[in-house]
Amino acid sequence: MKVLLINPPFNRLKKVYHPYFPLGLGYLAAVLIKNGYQTKIYNSDGPDKKIARKTPLLQQKFKGQESYIRSLEDDSAMVWQEVESVLSSYRPDLVGITSVSPVYPAAKKIARLVKRFDKDIFVVMGGMHPSTSPVEVLGDSNVDFLIVGEGEYSLFELVSALGAGARKSDLKKITGLAYKRGRQIYINQRRELIKDLDSLPYPAREALINPWPKNSDKKMILASRGCPFDCAYCNSKKLWQRKYRARSVSSIIAEMVFLSKKYKINLFEFRDEIFLFYRARMLEFCRILKERKYNFHWSCDTRIDLVDKEIINDMAAAGCSFVSVGLESGSESSLIKLNKKLSIEEVLEKCRLIKKTGILLNINLMVGLPWENKIDIFDNIDFIKKIKPNRVFIGVYTPLPGSDLNRGKYRIDIEGDQWRYYSFHSRYNFFIKSGMKRKDFIYFRDSMIKISDKYNKCLTQKIIALLKRKLVRIIRDRQGV
Ligand code: B12
Ligand code: SF4
């Protein structure tokens, strides 16, 4: 069984420059390779010479949605030809496609291309969207199988079973698998989560067919999985069941050292949902990085309530240069409705703590919550001005399948290809039920975005300044000055 794992295109079709490595596919590939299966990863959201190499501002991200929609409709777009050429040069027996909801139309399109290329190739889908909408996804005639939840061992068992000419009774035993026979859809029992994350091999970054230049996609790393909190707009719990599992400090640092030697990098991006959950583990992580003087720089995402003076100072001393926090709203009543369990006062105080250390601060905010009125949006704008962050990431509320907020009077079902219109940065996202008119919402949303981009421009300048300083230092070192 020859396996090809595909990350569908999204940023690339939005013409947004964003080097990243699909870590989920990396883990799936690593387990298959370890068990003797020839496996490659193709990141169709990967490098594209036509896209300018610069960090996009929010305004550009919104413009990109139109280009995503157009490319999905245009069979001659370069990316679809690239998919076909990868299929014909690699000739897989099984293709696995990952998908989050806004990317699902692109994942569907790839499934269609695979079956058009060779109908005997097995198509398996997995990831957040298939896990939360399995019946819809398996209803697609181009999809044979689907894995709900954590995928490594379910996919491995499926590949082994198919390689041995599986019968229906073999498939019944594979936990986490969903499949169909004729029109009947079967969803097996969910698989138990992997108990010890240290037992997994490192993501197979080397299995990527089309890496980004200068190893810019190699910096992403995961130290934990899942999140025990329960924010109403989020659907993380549908995948990770509100269970938080962390790797050991020694395993994380060993992976950083491995990456720094193999790819000559010293900058890492932790992509965990909440990096700081276990305080003692974080302090130990920082202590070891400081003691061993690795000179690593790193960034992470966390809930702001997990930050305190000691931990943030230690993080700064251990090379943390950028922290991203999900605050979501500057309105106290919205925070309650979102079940954020944060108060504005606490947030402001903790943001001050972070900024004092010199660590760059990114805040994530949402706009367009179903109950919002213009006062809530003004509260957001005020909040940004009070915090004065180094970067602001605004997302327009998106009703994610399986989230608590997407229920009852606020329930909105977006199906299949309709997802092409909706993402955190799409002008089609309008789910307000407070009576605010669409045109007023657009005006307030755009004001919030413009103010945020002022801070975002500053960050670009800060990074350029930092790089210039580095360059000057290198030139001086070389000249022995
Ligand atoms: C890191 C991250 C990113 C990174 C990297 C994304 C990537 N493709 O790897 C960046 C910053 C680029 C990103 C971008 C976006 N992201 Co994002 N991201 C995350 C985050 C924080 C962690 C993802 C991760 O690495 N998890 C760890 C790995 C191990 O898990 P995994 O990828 O899910 O894979 C496992 C299983 O799902 C399964 N599996 C996954 N794929 C497949 C495929 C097959 C064939 C099989 C068998 C199994 C399988 O097995 C894997 C191993 O166990 C999650 C939060 C979360 N709860 O997951 C959000 C999250 C996935 N992102 C989300 C969204 C919406 C986006 C964007 C659309 C945002 C936007 N711009 O509008 C884009 C889409 C870009 C893209 N093409 O993916 C949402 C998805 C919600 C939804 N229902 O769709 C999440 C859940 C955050 C949230 N709650 O809002 N993201
Ligand atoms: S939004 Fe973040 S903190 Fe809240 S439940 Fe989702 S992952 Fe956890």
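Here are two exercises, each with a worked solution.

This is a predicted model, in which local features need pLDDT of at least 70, side-chain atom pairs count only at pLDDT 80 or more, and totals for chains, interfaces and linings use all residues. Residues are numbered from 1 along each chain as its sequence is written, while chains are lettered from A and ligands numbered from 1 in the order in which they are written.

**Exercise 1.** Work out the strand order of the open sheet and find which strands stand at its edges.

*Solution.* 
- Step 1: Start with the terms: helices (H or I, at least four residues) and strands (E, at least two) are DSSP runs, numbered from the N terminus. Two strands pair if DSSP finds at least two bridges between them.
- Step 2: Reading across the open sheet, the seven strands come as β2-β1-β3-β4-β5-β6-β7, with mixed pairing.
- Step 3: β2 (39-43) and β7 (184-187) each have a single partner strand, so they are the edges, with one side left without a neighbour in the sheet.
- Step 4: Now check one pair: β3 (residues 94-98) and β4 (residues 122-126) run parallel and are joined by five bridges. Within this pair, Ile97 has Met125 as its bridge partner.

**Exercise 2.** Find where ligand 1 lies relative to domain 1 and domain 2.

*Solution.* 
- Step 1: Ligand 1 is surrounded by 42 residues (C-beta atom, placed from the backbone, within 6 Å). Gly24 and Gly96 are among the closest.
- Step 2: α1 gives the largest share of this shell, four residues.
- Step 3: Domain 1 (3-187) and domain 2 (219-475), with bounds from an automatic or database domain assignment, both give residues to the shell, so ligand 1 lies between them.
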